[in-house]
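Please keep the sequence and the structure open while reading.

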Amino acid sequence: MLQPTSEADLAALIAGRTAPLQIQGGGTRDVGTPQKGEVLSSAAISGIVDYEPGALTLVVKAGTPLSEVSATLAKEGQRLAFEPADWRALLGTSGEPTVGGMVAANISGPRRVAVGACRDFLLGVRFVDGRGRILKNGGRVMKNVTGYDLVKLMAGSWGSLGVLTEASFKVLAKPATEVTLVKSGLSAADGVTALTAALGTPFDVTGAAWINGEARVRIEGLPGSVAYRRDALAKTLGAGWEAVADDTSAALWQEVRDVTPFTTREGAVWRVSVKPTDGPKLLAALGEEKNALLDWGGGLVWLCLPETAEASTRLRMAIAPLGGHATLIRGSEALRAEVPVFQPEPAPVAAITAAIRREFDPNAIFNPGIMG
Amino acid sequence: MQMPEPNANVLARKAEIVARLREVLPKSAVIDDPAETRAYECDALSAYRCAPLCAVLPANTAEVAAALKVCHAMGVPVVPRGAGTSLAGGSMPTADAVILGVARMNDVLEVDYANRFIRVQSGRTNLSVTGAVETDGFFYAPDPSSQLACAIAGNVAMNSGGAHCLKYGVTTNNLLGVTMVTMDGSILEIGGAHLDAGGLDLLGVICGSEGQLGVVTEATLRILPKPEGARPVLMGFDANEVAGACVSAIIKAGVLPVAIEFMDRPCIRATEAFAKAGYPDCEALLIVEVEGSEAEIAEQLGLILEIARTFNPVELREAADEDQAKRIWLGRKSAFGAMGQINDYMCLDGTIPVSQLPYVLRRISEMSKDFGLDVGNVFHAGDGNMHPLILYNANKPGDLELCERFGAEILKLCVEVGGCLTGEHGVGIEKRDLMTVQFAPDDLDIQMRIKDVFDPKWLLNAAKVFPLAASEPRRAA
C-alpha cells in the first residue's frame with residue numbers, strides 16, 4: 001500500500017504514473033467496481049489545519065479521522081450539520097472513516113433534507129489530479145463564487161477525479177436540545193403523508209423518516225423553541241404521536257443514519273433518491289414495503305433486495321418513470337460485476353461525465369471504473 | 001477594460017447570421033436594429049459598454065437550442081443574458097456576439113408543495129418565484145438585493161447569494177435541477193425534484209459557471225415554508241473590532257440568526273443623511289435578524305442581547321412592532337442608494353474570514369486615505385461577505401481608473417487574509433484579470449478544462465471569468 005505523508009509526496013508519486021490506483025481514505029466504504037490496482041491511502045495526510053469556531057469554519061487534511069473532527073468540534077459545542085453516516089456495520093468493514101472518504105462519497109445523513117448535504121457544507125478542497133498537479137478550488141469562507149465550483153464536483157466523485165488532500169467546511173453549533181415525535185403502525189404511504197405535512201410547516205423539521213412502520217419527525221434548537229414547535233407539530237400531525245427527547249431521540253436518528261435495520265439482514269442494499277412523495281409509490285410498485293426504510297421525508301429510499309440482476313433491473317425500471325437514481329451500496333462482487341452500481345446516465349450526460357474524467361485523469365489511474 | 005478583438009469574419013457576415021436566426025426563430029425574437037440592440041450593450045456594470053451583433057429573445061428551450069445551433073454552426077460567439085443586473089459585467093457583449101436573452105421565458109411550469117419545489121423558466125425574476133408561492137405560505141430563499149429585477153438564469157449563472165444566506169445558503173444550495181442547452185444546441189437535463197446527483201455533481205459546477213457552460217432555460221428550485229415571523233435588533237458599537245467580536249460571539253453561541261448585517265461609520269452617516277432611519281452616530285452598527293414564532297423570537301433575541309451587552313454597545317434597539325422593524329432595515333436597504341447620492345460608486349464583493357474583519361476594515365480605511373477616495377462598508381457580517389463601496393466621480397478624468405486600482409488592492413487584501421475575490425457577484429469581466437491573485441495557473445487550467453468539455457470552441461461568454469491571457473490559446477483555437 002502506498003501511503004504518502006504529505007501532499008507534495010503524493011503529487012510526486014502520481015506524476016507520470018500510468019498504472020491504476022485504488023484510492024482509499026479509511027477503507028470503510030467499499031462501493032462500486034474499481035479496477036484492481038495498488039492501494040493508495042491518504043490516511044497519513046492527516047491533521048486539523050485551522051479551526052475558527054467564531055467563524056464556523058474548519059480546515060482539515062483529508063486523512064484525518066472523522067472521529068477526531070467530531071471530537072474537536074464537540075469541544076466547542078459544534079458539529080458537521082449534515083450528519084455523516086457511518087456505514088461500517090452496514091458494509092461489514094472496519095477501519096476509521098476519514099474526511100477524504102466522506103467527501104469523496106458525499107456522505108450525509110437524515111439532516112440533509114433540511115440543511116443540505118456534505119457538498120453544501122464543503123467550502124474548499126485541495127487535491128492532486130491525474131497529472132500530479134496540486135490544485136485548489138473554493139476556499140475557507142462561506143460565500144465564494146470566484147471561478148467554477150469544482151468543490152461540489154469533487155464531492156461524490158468517489159476518488160475518480162483526483163486524490164483529496166484537504167477540505168474546508170462550514171460547521172454549525174450543536175443545538176441545546178432535540179425532540180423526536182414518533183408514531184408507529186403506519187404504512188409507508190401514511191408515514192410519508194405525515195412527514196410531508198411536518199416538512200410543510202414552518203417549524204424547522206430536521207429529520208423526517210419512516211422505519212419499521214414508525215414515522216419519526218425531529219426538531220432541534222433552544223429549549224423554549226423546541227417545546228413550542230413540539231406542541232405545534234403535534235397539533236398539525238394529529239393524535240397518536242409520542243415525544244422523546246435528547247439521547248433517546250439521538251439514538252433513533254443514529255439508527256436511520258446508519259441504516260441499522262439492514263446491518264443484520266442478508267441481501268443487496270440499494271440507496272435510492274426520488275422526490276419524497278414517490279418513495280411510497282416506488283415501494284408499492286416493487287411490493288417491497290417490508291424491505292425498505294425511508295428518510296428525507298420519503299425521498300431517500302433504502303432497500304434490501306435479493307442479490308440478483310433481476311431485482312436490480314426491476315428497481316431501475318420502477319425508478320425510470322419517476323425520475324431519480326439508485327446506487328448499489330452493498331452487493332457481492334459478482335452482482336456488482338453484473339449490474340451497474342451507479343445509475344446509468346442519459347447518453348449526452350454520460351459523454352460529459354466521461355470527458356470531465358479524461359480532463360482530470362488522462363491516464364485513467366484513479367479508481368478507474370468505480371462509478372461504472 | 002480590455003476585451004478581445006471582435007472577429008472580423010463574423011462582423012462581415014452579420015446580415016447572413018441575422019437571416020439564419022430569423023429562419024429558426026419567430027420574427028420578433030431577433031433584434032438587429034442598432035437603436036434596439038443598444039439596450040443590450042451593458043449590464044449593471046455600466047461603466048463598460050459595447051453594442052452586440054444582434055440580440056435574440058427565444059421563448060422556450062427548443063428556440064434556445066435552435067438559436068445556439070445556428071450560432072455554433074456559423075462560429076458566432078454568444079453572450080447569455082438574464083435580466084442584465086450583473087455588477088460584474090457577466091452579460092456584457094462583444095461586438096461580434098449574439099446576445100441570447102431569456103427575458104421572454106418567465107413561466108411557472110410546476111409547483112409542488114408536497115415535495116417543496118417549483119419549476120420555472122429561467123427568465124422569471126427572483127422575487128416573482130416567491131410571488132408564485134407566497135400566498136400558500138412558501139418562499140424561495142436566496143434574496144440578492146436586485147431580486148425585484150434579477151432573473152433566475154442569472155442567479156444560477158452567478159450562484160447568487162443575499163442577506164439571508166447565513167441560514168438558507170446561496171443559489172447552489174437551493175437549486176435541485178436545470179434544463180440546459182449547450183453551445184452545440186444539445187439539451188441536457190441535470191438533476192430534478194430529487195436530492196443529490198446519481199453520478200458526478202454536474203449541477204454543482206453548472207451553478208456559478210457564469211453562463212460559460214450552457215444556457216439554463218428551466219430550473220427546479222427548492223421552496224420553503226415561510227417562517228411565522230421575523231424581527232431585527234440594532235446594535236451600535238464604538239469600534240469595528242468590538243462589533244466584529246460580537247458577531248463571532250453570537251455565531252458561536254448556537255443561535256443562528258438569518259442575517260447579520262454590518263455598516264461602518266461612513267456608511268451610517270451617508271444613509272442617515274439620505275434615509276433618516278434614526279441610526280445612532282457610531283463607529284459600527286449591526287442588524288441581527290431572527291425568525292420564528294413570537295416566543296421563539298423572544299428566546300433568541302434574549303440570548304443575542306445578553307451577548308451583545310457584554311460588548312458594551314452604545315445602542316441596543318429592539319423592534320417593538322412591524323413599523324420599528326421596518327425602520328431598522330430602512331437604512332440598510334437604502335445604503336447603496338444613499339452612497340449613490342453622494343457620488344458614483346463601485347461596489348466590491350470580496351469575502352474574508354470573519355476573524356479578519358477588524359484588520360481588513362482598518363486597512364481599507366488607511367488605503368482610502370492613500371488613494372484619496374472615500375469608502376463606506378456595508379456587508380453580510382455573518383459570512384464575511386464584504387461590500388466596500390468606493391466613491392468616485394465618473395466625470396473626472398482618471399477617477400474611474402483610480403477607483404479600480406483601489407478596488408483591486410482591496411480584493412488582493414481579501415485574498416491575502418484567506419478570503420476570495422467575490423462572494424456573490426461573480427467574476428465577469430470586472431475581476432477577470434485578478435484571478436491570478438487567488439489562483440495558480442494550474443488551478444485556472446483545470447477550470448478551463450471544464451469549459452473545454454462543455455464548449456470546445458469557446459464561443460459561449462468566452463471573454464469572462466478567466467484572464468484574457470490565460471484563455472487566449474483556447475479562444476484562438
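Which residues touch the most other members of the largest nonpolar core? They are V78(B) and L286(B), and the core in question holds 266 residues. Helix α4 of chain B, residues 61–74, gives the most to this core, with 7 residues.

**Confidence**

The coordinates come from a predicted model. Its scores are ipTM 0.97 and pTM 0.97. For chain B the average pLDDT is 95, and 100% of the residues score at least 70.

**The two chains**

The table sets out values for each chain.

| Item | Chain A | Chain B |
|---|---|---|
| Secondary structure | 14 helices and 17 strands | 17 helices and 18 strands |
| C-alpha extent along the principal axes | about 65 × 50 × 35 Å | roughly 70 × 55 × 40 Å |
| Residues that count as buried | 57% of 372 residues | 56% of 477 residues |
| Share of contacts (separation of 6 or more) from residues 24 or more positions apart | 73% | 73% |

Chain A has 14 helices and 17 strands. Its radius of gyration is 21 Å, close to the 21 Å that the globule rule gives for 372 residues, so chain A is as compact as a globular protein of that length. Chain B has 17 helices and 18 strands. For chain B the radius of gyration is 23 Å, close to the 23 Å from the globule rule for 477 residues, so chain B is likewise as compact as a globular protein of that length.

**Contact between the chains**

How many residues does each chain bring to the contact? Chain A brings 70 residues and chain B brings 76 residues. On the side of chain A that touches chain B, several elements each supply at least two residues. The helices of chain A in this list are α6 (118–121), α7 (150–154), α8 (188–199), α9 (223–237) and α14 (347–360). The strands of chain A in it are β7 (134–138), β9 (172–173) and β17 (325–330). The largest share of this side, 7 residues, comes from α14(A). By class, the side of chain A that touches chain B has 30 nonpolar, 26 polar and 14 charged residues.

**Domains of chain A**

Chain A is divided into domain 1 (7–173), domain 2 (177–257) and domain 3 (260–338). The centres of domain 1 and domain 3 of chain A, taken over C-alpha atoms, are 26 Å apart. Their contact takes 8 residues from domain 1 of chain A and 11 residues from domain 3 of chain A. On the domain 1 side, α3 (88–91) and α5 (112–115) of chain A each supply at least two residues. The largest share of that side, 3 residues, comes from α3(A). The residues of the domain 1 side divide into 6 nonpolar, 1 polar and 1 charged.

**R257(A)**

R257(A) lies in helix α10 of chain A, residues 246–257. Is this arginine, R257(A), buried or exposed? R257(A) counts as buried because it has 23 C-beta neighbours inside 10 Å, where 20 or more are required. Not counting residues up to four places away in sequence, R257(A) touches E83(A), A85(A), G109(A) and P110(A). R257(A) and L161(A) are 96 residues apart in sequence, and their C-alpha atoms are 27 Å apart in space.

**Domains of chain B**

The domain assignment of chain B gives domain 1 (8–102), domain 2 (108–225) and domain 3 (230–416). Between the centres of domain 2 and domain 3 of chain B, taken over C-alpha atoms, the separation is 28 Å. In the contact between them, 6 residues of domain 2 of chain B meet 10 residues of domain 3 of chain B. By class, the domain 2 side of this contact has 3 nonpolar, 2 polar and 1 charged residues.

Methods
Residues are numbered from 1 along each chain as its sequence is written. Chains are lettered from A and ligands numbered from 1 in the order in which they are written. This is a predicted model: local features need pLDDT of at least 70, side-chain atom pairs count only at pLDDT 80 or more; totals for chains, interfaces and linings use all residues. Domain bounds come from an automatic or database domain assignment. Two residues are in contact if their C-beta atoms, placed from the backbone, lie within 7 Å. Ala, Val, Leu, Ile, Met, Phe, Trp, Tyr, Cys and Pro count as nonpolar, Asp, Glu, Lys and Arg as charged, and the others, Gly among them, as polar. Helices (H or I, at least four residues) and strands (E, at least two) are DSSP runs, numbered from the N terminus. The radius of gyration is taken over C-alpha atoms; the globule rule is 2.2 Å times the number of residues to the power 0.38. A residue is buried if 20 or more other C-beta atoms lie within 10 Å of its own, exposed if 12 or fewer, and partly exposed in between; C-beta atoms are placed from the backbone. A nonpolar core is a set of buried Ala, Val, Leu, Ile, Met, Phe, Trp, Tyr and Cys residues joined through C-beta atoms within 7 Å. pLDDT is the predictor's confidence in each residue, from 0 to 100.
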